[in-house]
Amino acid sequence: MKSTGGPASMGIGEIAARFGLATHVLRHWESVGLLSPPRAVAGRRRYGADHLYRIAVILRAKEAGFGLDDIRAMIAAPSPAQRTEVLRRHRADLARRIAQAQASLELIGCALTCDHDDLTSCPHFQAMVADRIGVEAPVHMPS
């Protein structure tokens, strides 16, 4: 991917700061084929507006759990079908991780409303974690 390098071009330090990244991260991404900024005077990298979008896609893909190899495969896929294959592999994993995070939020919500001295003895809390130990939560009847 080549940038036009026009007046809107930025140096590596500027673009790294914009995304809160260390410059070595951008250099690494270049070394693995995710970025290819053109070189200007004295061989300095110049990043254009198109690189902003590419970096944003890389960061979003990393947040979704993609490794750099899969990000490169997705970005450089020679056909939509090959790109779709990469994306489908990750979609199910991401959905699973979202479900786990949602369950964790529900567990925290349960804990926040519990007034038991020992949270782990709370029947409602035990019901929320019973699947992790492979048993059904006991039903406690008031005495």
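Student: How many of the contacts between residues at least 6 apart in sequence join residues at least 24 apart?
Tutor: In the protein chain, 44% of them do. Contact here means heavy atoms within 4.5 Å. Please note that this is a predicted model, in which local features need pLDDT of at least 70 and side-chain atom pairs count only at pLDDT 80 or more, while totals for chains, interfaces and linings use all residues. Residues are numbered from 1 along each chain as its sequence is written, and side-chain values use heavy atoms, with hydrogens and water left out.

Student: What share of the residues counts as buried?
Tutor: Of the 143 residues in the protein chain, 25% do. Buried means under 20% relative accessible area, exposed over 50% and partly exposed in between, with a 1.4 Å probe and protein chains only.

Student: Which residues have the most contacts inside the largest nonpolar core?
Tutor: They are I15, L26, W29, L35, I55 and F66, in a core of 19 residues. At least two core residues come from each of α1 (12-19), α2, α3 and α4 (68-75), and α3 gives the most, with five. A nonpolar core is a set of buried Ala, Val, Leu, Ile, Met, Phe, Trp, Tyr and Cys residues joined through side-chain atoms within 4.5 Å.

Student: And what is F66 in contact with?
Tutor: Leaving aside neighbours within four places in sequence, F66 is in contact with A61, I71, M74, V86, L87 and H90.

Student: Changing topic: where is R45, and is R45 buried or exposed?
Tutor: R45 sits in the loop between α2 and α3. R45 counts as buried because its relative accessible area is 18%.

Student: What joins the side chains of R45 and E30?
Tutor: A polar contact of 2.5 Å joins them; the term means a pair of N or O atoms within 3.5 Å where, within protein, one must be able to donate a hydrogen and the other to accept it, and residues adjacent in sequence count only if both atoms are side-chain atoms. E30 lies in helix α2, and the E30 side chain also makes a polar contact of 3.0 Å with the side chain of R39. Beyond four places in sequence, R45 touches M10, G11, I12, R27, E30, P37, P38 and R39.

Student: What about R44: buried or exposed?
Tutor: R44 is exposed, because its relative accessible area is 60%. R44 lies in the loop between α2 (23-31) and α3 (49-63). Its contacts, leaving aside neighbours within four places in sequence, are with P38 and R39.

Student: And G48, buried or exposed?
Tutor: G48 is buried, with a relative accessible area of 4%, and is placed in the loop between α2 and α3.

Student: Finally, which residues line the largest pocket?
Tutor: The lining consists of Q100, A103, S104, L107, M128, V129, D131 and R132. By class, four are nonpolar, two polar and two charged (Ala, Val, Leu, Ile, Met, Phe, Trp, Tyr, Cys and Pro count as nonpolar, Asp, Glu, Lys and Arg as charged, and the others, Gly among them, as polar). On a 1 Å grid over the protein atoms alone, a pocket is an open set of points where a 1.4 Å probe fits, with protein on both sides within 12 Å along at least five of seven lines; lining residues have an atom within 4 Å of a point.

Terms used. Helices (H or I, at least four residues) and strands (E, at least two) are DSSP runs, numbered from the N terminus.
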